[in-house]
Amino acid sequence: MSRETLSFPPTSIPPLEPYLPLTSPSPSSKPHLTLTYATSLDASLTLAPGVRTTLSGPYSKSMTHYLRTRHNAILVGCTTALIDNPALNSRLGSITSLDQQPRPIILDPKGRWDFTEDSQVIRLAAEFKGKGPWVVTKRGGETKERGELLERVGGKFLFLETGEDGRFKWGDVLSVLGEQGVRSVMVEGGGEVINSLLIDPENRLVDSVIITIAPTWLGKGGVVVSPSRQQGQTSQLKLRDVSWQPHGEDVVLCGRILRS
Ligand SMILES: NC(=O)C1=CN([C@@H]2O[C@H](COP(=O)(O)OP(=O)(O)OC[C@H]3O[C@@H](n4cnc5c(N)ncnc54)[C@H](OP(=O)(O)O)[C@@H]3O)[C@@H](O)[C@H]2O)C=CC1
Ligand SMILES: Nc1nc(O)c(N)c(N[C@@H]2O[C@H](COP(=O)(O)O)[C@@H](O)[C@H]2O)n1
């Protein structure tokens with residue numbers, strides 16, 4: 001149960017601002033995509049598959065909750081939804097209206113996320129402490145009962161086709177969210193989601209990255225951010241416009257992907 005109340009100091013906002021979505025974006029453009037996650041010094045998101053690991057300290061955690069208020073939507077893969085049972089809302093004490101909460105989006109092509117009314121994200125939506133989730137699935141990935149539960153809390157299923165690899169194209173995901181009025185998406189993870197976005201061949205999907213680096217090594221065997229190199233790839237995937245900010249004992253790295 002998440003009953004905490006967080007605060008983020010206004011003085012910490014200006015360094016993040018250049019990497020955040022515009023407050024009045026053009027409705028015709030692709031939604032702004034911010035890739036944001038917490039990592040260990042050895043690029044792990046979690047100690048082992050199937051495990052939730054806390055990496056962010058209290059200051060960077062508050063920053064994440066501020067970022068959540070600055071995006072229309074927050075997206076995770078269904079394994080993260082299954083393992084973490086996340087809240088996916090913002091617990092900043094300054095929030096006064098549901099409009100300030102991001103829309104949780106779960107990528108779940110096969111309907112593996114077995115949510116019930118006790119799932120955190122559903123419960124919080126029922127209590128108006130977060131928005132009802134949108135579950136992006138393939139036809140057949142939905143059930144009537146789950147559809148009704150989503151509707152009761154203001155969520156819904158969105159349907160997309162997958163490719164032969166069983167995956168949605170990221171461009172299609174962003175298009176369907178754009179059609180629903182979403183102008184900015186904060187992608188939190190997990191590993192597969194992040195790595196697949198980073199191997200997008202033209203690097204046109206990710207607008208900015210905001211990464212919390214915790215002063216810890218998790219060791220081998222975790223879920224790691226390390227995108228597969230494309231066949232014949234010799235260039236590095238680099239960031240530009242980089243800035244670093246300390247948040248307690250963590251360091252927050254902001255940047256934009258350098259396009260070759
Ligand atoms: N430190 C941090 O900041 C964060 C840590 N985490 C951690 O990450 C771990 C989970 O990561 P991981 O195991 O890699 O799983 P993910 O959360 O990335 O989910 C992967 C699943 O999501 C679905 N999916 C992902 N991309 C697509 C796509 N393009 N099209 C269709 N479906 C897609 C697939 O479901 P299917 O297989 O059913 O097709 C896939 O197996 C957890 O332990 C969690 O705690 C998560 C977020 C942030
Ligand atoms: N920023 C950040 N730091 C960590 O240490 C984390 N483990 C995560 N995980 C992500 O946050 C979600 C949990 O959110 P709630 O607190 O339940 O709202 C989790 O599902 C990951 O996406 N993030």
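Mentor: Two strands pair if DSSP finds at least two bridges between them, and helices (H or I, at least four residues) and strands (E, at least two) are themselves DSSP runs, numbered from the N terminus. In this structure, β1 and β8 run parallel and are joined by six bridges, with Thr 36 standing opposite Ile 210 in β8. The model is a predicted one, in which local features need pLDDT of at least 70 and side-chain atom pairs count only at pLDDT 80 or more, while totals for chains, interfaces and linings use all residues. Residues are numbered from 1 along each chain as its sequence is written, and chains are lettered from A and ligands numbered from 1 in the order in which they are written.

Trainee: Which other strand is joined to β1 by bridges, and how many are there?

Mentor: Strand β7 also runs parallel to β1, and four bridges join the two; His 32, for instance, has Ser 184 of β7 as its bridge partner.

Trainee: How many residues of β1 are buried?

Mentor: A residue is buried if 20 or more other C-beta atoms lie within 10 Å of its own, exposed if 12 or fewer, and partly exposed in between, with C-beta atoms placed from the backbone. By that rule, eight of the eight residues of β1 are buried. His 32, Thr 34, Thr 36 and Ala 38 point one way, whereas Leu 33, Leu 35, Tyr 37 and Thr 39 point the other way.

Trainee: What do β3, α2 and β4 make together?

Mentor: They make a right-handed β-α-β unit, where right-handed says that, with the strands pointing away from the viewer, the path from the first strand over the helix to the second runs clockwise. The strands β3 and β4 pair in the parallel sense over five bridges, and Ile 74 stands opposite Pro 104 in β4. A further right-handed unit consists of β4, helix α3 (residues 120-126) and β5, and another is built from β5, helix α4 (residues 144-152) and β6.

Trainee: Which residues have the most contacts inside the largest nonpolar core?

Mentor: In soluble globular proteins, nonpolar side chains tend to be buried together. A nonpolar core is a set of buried Ala, Val, Leu, Ile, Met, Phe, Trp, Tyr and Cys residues joined through C-beta atoms within 7 Å. Here the largest core has 52 residues, and those with the most contacts inside it are Leu 75, Ile 105, Ile 106, Val 185, Val 187 and Ile 210.

Trainee: Is Trp 217 buried or exposed?

Mentor: Trp 217 is exposed, because it has 12 other C-beta atoms within 10 Å. This residue is found in the loop between β8 (208-213) and β9 (223-224). Two residues are in contact if their C-beta atoms, placed from the backbone, lie within 7 Å, and Trp 217, leaving aside neighbours within four places in sequence, is in contact with Ser 40, Leu 41 and Asp 42.

Trainee: How many residues surround ligand 1, and which are the closest?

Mentor: A residue is near a molecule if its C-beta atom, placed from the backbone, lies within 6 Å of it. There are 30 residues around ligand 1, the closest being Gly 77, Thr 79, Gly 189, Gly 190 and Gly 191. Helix α2 gives the most to this shell, with five residues.

Trainee: Which residues come nearest to ligand 2?

Mentor: Of the 15 residues around ligand 2, the nearest are Ala 38, Ser 56, Asp 84, Pro 86 and Ala 87. The elements giving two or more residues to the shell of ligand 2 are α2 (78-84) and β7 (184-189).
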